[in-house]
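Let's take a friendly walk through a protein model. Have the sequence and the 3D view ready, and follow along as we go.

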Amino acid sequence: MNLSEIVPVKFTGDKMLVLDQTKLPGEQKYLEMTTKEDVFVAIKKMKVRGAPAIGVAAGYGLYISLRDYDGTNLNEFREKAHEVADYLVNARPTAVNLSWALKRMLARLDDFHGSVSGAKKLLFEEADRIRKEDEQSCRKMGEYGLTLLKPGMGILTHCNAGTLATAKYGTSLAPLYLGQEKNYRFRVFADETRPALQGARLTAWELSKAGIDVTLICDDMASIVMKNGWIDAVLVGCDRMAANGDGANKIGTSGVAILAKEYGIPFYMFVPTSTIDYDTPKGDDIEIELRDGREICEMWYKTRMAPVGIKTYNPSFDVTSAEYITAVVTEKGIVYPPYEENLQKLREK
Ligand SMILES: CSC[C@@H](O)[C@@H](O)C(=O)COP(=O)(O)O
């Protein structure tokens with residue numbers, strides 16, 4: 001498969017299109033985004049999901065929400081841009097790439113002096129730059145990540161940090177794609193990742209489409225595949241890494257990390273620098289999204305999975321404590337503990 005065939009967010013002509021990931025793997029359907037509400041709902045309902053892809057959607061989303069502004073007053077245009085950003089930033093709380101991308105767009109706009117049409121052009125160009133940089137950054141993470149792996153290794157994944165979650169390649173799946181080009185023959189075990197099934201619906205789909213050997217397991221099977229000796233490394237993405245190296249990722253990730261430590265298996269977290277939040281000192285300070293309980297009981301299945309009216313608790317992410325992370329792979333290189341100190345050094349690179 002050519003990875004360019006799977007693009008979660010794209011601009012075709014003057015249309016912003018989002019691949020509706022809630023329909024995958026059954027249907028590949030693009031939705032056109034024409035308003036800020038379309039973009040907000042697409043992010044909230046996880047039609048576009050994965051931290052970097054959410055950042056890309058936010059960038060283009062800001063642009064499409066403002067391009068029909070028909071005034072000529074730049075200050076008023078800026079105010080509107082801040083209003084739209086304040087709205088979009090609330091679509092989901094955990095992945096820092098959402099606020100990171102919006103802040104970056106607004107900073108460019110605030111520094112700009114010229115016409116409103118020039119400001120619109122600048123916003124589009126900045127959104128496009130965020131997308132292109134993400135693609136390059138994923139490629140670099142893939143190259144660094146591959147240096148940690150050997151041909152034939154067994155790999156465990158959790159959630160989807162693949163091409164569907166980024167501009168291209170993915171973060172933690174990028175080394176698998178680059179390894180595939182070199183005939184590394186990895187054997188991948190993909191956790192299904194309840195409740196939204198990103199592992200089953202998305203990771204298993206994109207890896208198998210690429211011809212990579214992938215076996216789908218339920219989340220509660222991670223321990224047995226580790227015990228069987230089938231896993232040589234765990235590769236996961238990240239939604240927000242605190243300054244001390246604690247990393248929030250899809251619910252269940254911290255359990256996988258604890259298991260990996262128990263079995264002596266390296267646990268690698270792939271974190272573009274756009275996902276590091278230096279303003280958040282530690283994992284406990286990261287807001288964990290709580291989602292609708294219907295995801296647990298009915299949403300992804302044809303029949304109900306639980307009694308009507310059952311109480312639910314549905315946190316969408318958890319924080320893996322830095323002590324369980326063997327290394328953090330970024331586009332600027334691989335970072336080892338002590339994270340507090342070594343993540344800071346990345347800022348100078
Ligand atoms: C490169 S994507 C990294 C993370 O965003 C990913 O692992 C993840 O947890 C996605 O969660 P989701 O709820 O599907 O947006």
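## A pair of strands

In this predicted model, strand E1 is joined by four bridges to strand E2, residues 15-19, and the two run antiparallel.

In general, the strands of a sheet pair through backbone hydrogen bonds, and they can do so in a parallel or an antiparallel way.

## The whole sheet

E1 and E2 belong to an open sheet of three strands, ordered E1-E2-E3, and the pairing is antiparallel. Which strands form the edges? They are strand E1 (9-12) and strand E3 (30-33), each of which pairs on one side only. From one strand to the next, the twist averages 35 degrees.

The sheet also has a helix packed on it: H2 touches E1, E2 and E3. The direction of H2 makes about 35 degrees with that of E1.

Next, look at the protein as a whole. It is divided into domain 1, residues 3-138, and domain 2, residues 141-346. Their C-alpha centres lie 25 Å apart. How many residues does each domain bring to the contact? Domain 1 gives 26 residues and domain 2 gives 35 residues.

On the side of domain 1 that touches domain 2, at least two residues come from each of helix H2 (51-66), helix H4 (97-110) and helix H5 (116-146). The residues on that side of domain 1 are 15 nonpolar, six polar and five charged.

Notes. Residues numbered from 1 in each chain as written. Predicted model: local features only at pLDDT ≥ 70, side-chain atom pairs only at ≥ 80, totals over all residues. Domains from an automatic or database assignment. Contact = placed C-beta atoms within 7 Å. Nonpolar A, V, L, I, M, F, W, Y, C, P; charged D, E, K, R; others polar. Pairing = 2+ DSSP bridges. Axes fitted to C-alpha atoms, helices over the stretch in contact; angles between N-to-C directions.
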